[in-house]
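Work through the exercises below with the sequence and the structure in view. Try each task before reading its solution.

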Amino acid sequence: MKYNERIREIREDSSLTQQKVADLLHIGQRTYADYESGKTRIPVAKFYNVSMDYITGANNIKSEYPKV
């Protein structure tokens with residue numbers, strides 16, 4: 001499963017709208033919709049060259065952004 005499909009699935013399982021998530025992230029709903037559609041990738045992990053697990057605090061080991 002691609003990351004964009006996963007974030008949509010997680011959002012829907014949490015009964016959240018795109019607008020609610022966008023508000024929580026302080027971004028526009030259209031930007032968040034682009035993340036879910038795969039049109040725009042979530043930029044921070046690649047920019048800092050760290051894994052999303054490290055950014056979100058799921059893991060405290062600072063591993064590199066995957067080269068996939």
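## Exercise 1: a serine in a loop

The side chain of serine 51 comes within 3.1 Å of the backbone nitrogen of tyrosine 54. The model in which this distance was computed is a predicted one.

Task: state where serine 51 lies, whether serine 51 is buried or exposed, and which residues beyond its sequence neighbours it contacts.

Solution. 

1. Serine 51 is in the loop that links H4 to helix H5, residues 52-56.
2. Apply the cut-off. A residue counts as buried when its relative accessible area is under 20%. Serine 51 has a relative accessibility of 10%, so it is buried.
3. List the contacts. With neighbours within four places in sequence set aside, serine 51 touches Ser63, Glu64 and Tyr65.

## Exercise 2: a phenylalanine in a helix

Task: find the helix that holds phenylalanine 47, and decide whether phenylalanine 47 is buried or exposed.

Solution. 

1. The helix is H4, which covers residues 44-48.
2. Exposed means a relative accessible area over 50%. For phenylalanine 47 the value is 65%, so this residue is exposed.
3. Compare sequence with space. Phenylalanine 47 and tyrosine 65 are separated by 18 residues in sequence, and their C-alpha atoms lie 8.9 Å apart.

## Exercise 3: two packed helices

Task: describe how H2 packs with H3, and name the residues that make the contact.

Solution. 

1. Two packed helices are described by the angle between their axes and by the distance between those axes.
2. For H2 (residues 18-25) and H3 (residues 29-37), the angle is about 110° and the axes are 8 Å apart.
3. Angles of 65 to 115 degrees count as roughly perpendicular. H2 is therefore roughly perpendicular to H3.
4. H2 contributes Gln18, Gln19, Val21, Ala22 and Leu25 to the contact, and H3 contributes Gln29, Tyr32, Ala33 and Glu36.
5. Sorted by class, the contact of H2 with H3 has five nonpolar residues, three polar ones and one charged one.
6. Now look at burial in H3. Its buried residues are Tyr32, Ala33, Asp34, Tyr35 and Glu36. They pack against helix H1 (3-13) and against H2.

## Exercise 4: positive phi angles

Task: which residue just after H3 has a positive phi, and where do serine 15 and asparagine 49 lie?

Solution. 

1. Most residues other than glycine have a negative phi.
2. Just after H3, the residue with a positive phi is glycine 38, at about 85°.
3. Serine 15 is not a glycine, yet its phi is positive, about 55°. Serine 15 sits in the loop between H1 and H2 and is exposed, at 66% relative accessible area.
4. Asparagine 49, also not a glycine, has a positive phi of about 55°. It belongs to the loop between H4 and H5 and, with 31% relative accessibility, is partly exposed.

## Exercise 5: the whole chain

Task: how many helices and strands does the chain have, and what percentage of its residues count as buried?

Solution. 

1. The chain has five helices and zero strands.
2. Of its 68 residues, 22% count as buried.
3. The accessible surface of the chain is about 5400 Å², and carbon and sulfur atoms account for 53% of this surface.
4. Along the principal axes, the C-alpha atoms of the chain fill a box of roughly 30 × 25 × 20 Å.

Conventions. Residues are numbered from 1 along each chain as its sequence is written. This is a predicted model: local features need pLDDT of at least 70, side-chain atom pairs count only at pLDDT 80 or more; totals for chains, interfaces and linings use all residues. Side-chain values use heavy atoms; hydrogens and water are left out. Axes are lines fitted to C-alpha atoms, for helices over the stretch in contact, and angles run from 0 to 180 degrees between N-to-C directions. Helices (H or I, at least four residues) and strands (E, at least two) are DSSP runs, numbered from the N terminus. Angles under 35 degrees count as roughly parallel, over 145 as roughly antiparallel, 65 to 115 as roughly perpendicular and the rest as oblique. Contact means heavy atoms within 4.5 Å. Ala, Val, Leu, Ile, Met, Phe, Trp, Tyr, Cys and Pro count as nonpolar, Asp, Glu, Lys and Arg as charged, and the others, Gly among them, as polar. Buried means under 20% relative accessible area, exposed over 50%, partly exposed in between (1.4 Å probe, protein chains only). A polar contact is a pair of N or O atoms within 3.5 Å; within protein, one must be able to donate a hydrogen and the other to accept it, and residues adjacent in sequence count only if both atoms are side-chain atoms. Accessible areas come from the Shrake-Rupley method with a 1.4 Å probe; for residues, only the protein chains shown count as cover.
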